[in-house]
Structures are given as structure tokens and as C-alpha cells.
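This report goes through one protein model, from its overall fold to its aromatic contacts. Please keep the sequence and coordinates at hand while reading.

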Amino acid sequence: MRILFYLVSIVIANVVTAAFAPLQFGMFIVPMGTLFVGATFIFRDLVQNKYGRAKTYLFIFIALALSALVSFMLGDTLLIVFASAISFVVAETADTEIYTRLKLPMAWRVFYSGIVGGFLDSVIFVIIGLSPLGANILPWEAVPAAIVGQIIVKTVIQTIGALILSQVYVMKEKRLLSE
């Protein structure tokens, strides 16, 4: 089920980004799919927690291929697909390696690894894909706002996910202690 949630969240992020105009909060620009991208890091951590680091990389590769295929089928240019793939690989790898190395409770590992993954995903995708270096969708003046907007949303999603996981594990421990 974890793998399915991980893969489906990636597809949904692509579809929602293509189907809806970006949100604008003041100066911040946030594609609608960003809400789901933040969740992909949480689901990836749950996959890794159950299946281990080595198998997680197999699922990341499958997710990458699925994401690129869906993005291309939705009409994204090859440059956007490439930017998405590069940001995905870097962010998911960073998330995986940080999650692996932290010796903290799961909720904290999910939080910290997701923050770094979300930061890298936002910076790399916006610069390679959307800035004048890439598809030239955003002018340089809008690039910082697009990056910061995505980072804020992904951080909020990571925080919510970590808090939920923390509560789930507290309830699980209490249940185990009472048995």
C-alpha cells in the first residue's frame, strides 16, 4: 500500500500541476501539484521504513519513469520533463540518504529529510525548468518567489506529515504497552 501511495502521489502531482493554474500568495507562486510533491517525500520515507534503502532506490527509479511518462503525456516539453527528472532524482536521493543516516525517531527523520528534499526539488526544478535558463516561463525576478513559495508549501506538508506520524507511533506504543 505504501508503494502505491508513493507512486500515485507522484502521478497526482503531475496531473494537478498540469490541470490547474498556479496559486499566487502575495509574491509567492505555487503550482497546485506542490501540495502532493510534499507528500511524496513522506510516502517515500514510509516505503523505505518498510522495505529498506536498496529497494527504495528501485521504487524511486520506477517513480521517476512514471513521472516522466505522465509529464510528457500531459504535454510538458522535453525541457520541463528533464528538469523534473533531475530535480526528482536529486531530491529523492537526498531524502533517502538523510533518512537513512539520521538516528532519530521516525517522525523527525521524515521531517528533516523531507525539508532537504523539498528544498532541493524546488530550487533545481524552478531554475532548470522554469527560469530563463530553462523554458523561460518565469522571468528572473519571479524565480525567488517561485522557489520560496514551493519551499513553504512543502515544509508545511512535511510538518503535518511528521506530526501525524509522531502521533501514530505514540498511539502504537501505548497500545503495545497496554497489551
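The text below covers the overall fold, the nonpolar cores, the aromatic rings and one backbone angle.

The model is predicted: local features need pLDDT of at least 70, side-chain atom pairs count only at pLDDT 80 or more, and totals for chains, interfaces and linings use all residues. Residues are numbered from 1 along each chain as its sequence is written, and side-chain values use heavy atoms, with hydrogens and water left out.

**Overall fold**

The protein has 5 helices and 2 strands, where helices (H or I, at least four residues) and strands (E, at least two) are DSSP runs numbered from the N terminus. Read from the N terminus, the order of elements is α-β-β-α-α-α-α. The radius of gyration, taken over C-alpha atoms with a globule rule of 2.2 Å times the number of residues to the power 0.38, is 16 Å; this agrees with the value near 16 Å for a compact globule of 179 residues. Along the principal axes, the C-alpha atoms fill a box of roughly 60 × 35 × 30 Å.

Of the 179 residues, 43% count as buried; buried means under 20% relative accessible area, exposed over 50%, and partly exposed in between (1.4 Å probe, protein chains only). The accessible surface comes to about 9,500 Å², and carbon and sulfur atoms account for 75% of it. Such areas come from the Shrake-Rupley method with a 1.4 Å probe; for residues, only the protein chains shown count as cover. Among contacts (heavy atoms within 4.5 Å) between residues at least 6 apart in sequence, 71% join residues at least 24 apart.

**Nonpolar cores**

A nonpolar core is a set of buried Ala, Val, Leu, Ile, Met, Phe, Trp, Tyr and Cys residues joined through side-chain atoms within 4.5 Å. The largest one has 12 residues, including Ile29, Ile80, Phe125, Leu138 and Ile151. Two or more of its residues come from each of α3 (78-101), α4 and α5 (143-178), and α5 gives the most, with 4 residues. Apart from this core lies another, of 11 residues, among them Met106, Ala107, Val110 and Val153.

Leucine 138 belongs to the largest core. Leaving aside neighbours within four places in sequence, the contacts of leucine 138 include Ile29, Val126, Pro132 and Ala146.

**Aromatic rings**

There are 5 aromatic pairs in the structure. Rings of Phe, Tyr and Trp (its six-membered ring) pair if their centres lie within 6.5 Å; planes under 30 degrees apart count as stacked, over 60 as edge-to-face and the rest as tilted. Two of the pairs are listed here.

| Pair | Centre to centre | Angle between planes | Class |
|---|---|---|---|
| Tyrosine 51, phenylalanine 59 | 5.7 Å | 65° | edge-to-face |
| Tryptophan 108, tyrosine 112 | 5.6 Å | 25° | stacked |

Tyrosine 51 is partly exposed at 32% relative accessible area, whereas phenylalanine 59 is buried at 13%.

A charge sits over a ring if NZ of Lys or CZ of Arg is within 6 Å of the ring centre and within 35 degrees of the ring normal. Over the face of tyrosine 99 lie arginine 44, at 5.8 Å from the ring centre, and arginine 109, at 4.2 Å.

**A backbone angle**

Most residues other than glycine have a negative phi. Asparagine 136, which is not a glycine, has a positive phi of about 60° and is found in the loop between α4 and α5.
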